[in-house]
Amino acid sequence: MSEAATLDGMRADCRRLAQQIIDTFPGLGAMVATAESCTGGLIAGAITDIAGSSAVFDRGFVTYSNEAKQDMLGVRETTLEAFGAVSAQVATEMVLGARQRSRADFAVSVTGVAGPGGGSPQKPVGLVWMGLSGPGDLTSAVELRWDEDWSRDMIRAATVRAALEALIGRTMLGAGSQDTPASP
């Protein structure tokens with residue numbers, strides 16, 4: 001399958017998933033916030049492309065620079081220095097900041113290396129950390145590893161799809177979740 005066809009399929013998946021969020025979250029009385037670095041607002045864009053999104057989407061934070069992560073989300077400078085922007089710790093602080101600075105019940109954050117450059121042996125192109133947070137302050141960080149040979153568009157589209165899937169999955173978690181409360 002060509003890259004264009006694969007991208008079209010991913011984008012169709014994102015539209016379907018965003019529609020599922022718009023259809024499901026009002027019944028939960030739930031709002032969503034996003035905190036995005038490597039996707040540059042594409043997750044928020046996928047949700048707000050769907051009519052009726054204002055019933056479920058509170059706000060999105062595009063925090064591409066480390067300074068924006070600190071100023072807008074409260075990511076600590078010491079965390080950035082110790083672990084780097086592309087890390088579980090930063091994804092966690094980003095998602096917690098998004099929840100604390102919004103009216104959202106659910107939040108997702110992403111920080112990663114979309115390429116084509118900027119990777120390293122420790123943090124290659126295609127590495128993305130996604131933070132998830134929902135009611136009860138159950139928060140987790142998930143490592144995503146996309147093919148480093150994928151284009152920037154492919155890595156970003158796959159990340160958007162994963163984030164939308166995660167938001168839908170987070171609504172299914174109950175009190176028996178194995179996630180642990182996170183503290184920045």
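Visitor: Which residues does F25 touch, not counting residues up to four places away in sequence?
Guide: This is a predicted model, in which local features need pLDDT of at least 70 and side-chain atom pairs count only at pLDDT 80 or more, while totals for chains, interfaces and linings use all residues. Residues are numbered from 1 along each chain as its sequence is written, and side-chain values use heavy atoms, with hydrogens and water left out. A contact means heavy atoms within 4.5 Å. With sequence neighbours up to four places away set aside, the residues touched by F25 are A30, V32, V56, F106, L167 and T171.

Visitor: Which residues have the most contacts inside the largest nonpolar core?
Guide: A nonpolar core is a set of buried Ala, Val, Leu, Ile, Met, Phe, Trp, Tyr and Cys residues joined through side-chain atoms within 4.5 Å. Buried means under 20% relative accessible area, exposed over 50%, and partly exposed in between (1.4 Å probe, protein chains only). The largest such core has 45 residues, and those with the most contacts inside it are I21, F25, M130, L164 and L167.

Visitor: Which element gives the most to this core?
Guide: At least two residues of this core come from each of α1 (3-28), α2 (42-48), α5 (88-100), β3 (106-112), β4 (127-134) and α6 (152-172). Helices (H or I, at least four residues) and strands (E, at least two) are DSSP runs, numbered from the N terminus. With 11 residues, the element that gives the most is α6.

Visitor: How many residues are in the second core?
Guide: This core is separate, and its members include F61, L73, L80 and V90. Its residue count is 13.

Visitor: How many salt bridges are there?
Guide: A salt bridge is a side-chain nitrogen of Lys or Arg within 4 Å of a carboxyl oxygen of Asp or Glu. By this rule, the count is 6.

Visitor: Which residues are linked with R16 in a network of salt bridges?
Guide: R16 and D13 meet through their side chains in a salt bridge of 3.9 Å, N to O. The two residues lie 3 apart in helix α1, so about one helical turn separates them. R16 is partly exposed at 45% relative accessible area, and D13 is also partly exposed, at 24%. The residues linked with R16 in the network are D13 and R161.

Visitor: Is E93, the salt-bridge partner of R76, buried or exposed?
Guide: The closest N and O atoms of R76 and E93 are 2.9 Å apart. This pair links distant parts of the chain, 17 residues apart, with R76 in the loop between α3 (66-73) and α4 (77-83) and E93 in helix α5. R76 is partly exposed, at 40% relative accessible area. At 5%, E93 is buried.

Visitor: What pattern does the protein chain follow along the sequence?
Guide: The chain has 6 helices and 5 strands. Read along the sequence, they give α-β-α-β-α-α-α-β-β-β-α.

Visitor: What radius of gyration does the protein chain have?
Guide: The radius is taken over C-alpha atoms, and the globule rule is 2.2 Å times the number of residues to the power 0.38. For 184 residues, a compact globule would come near 16 Å, so the chain agrees with the rule. The value for the chain is 15 Å.

Visitor: What share of the residues in the protein chain is buried?
Guide: The C-alpha atoms fill a box of roughly 45 × 45 × 30 Å along the principal axes. Of the contacts with a separation of 6 or more, 65% join residues 24 or more positions apart. Of the 184 residues, the buried share is 51%.
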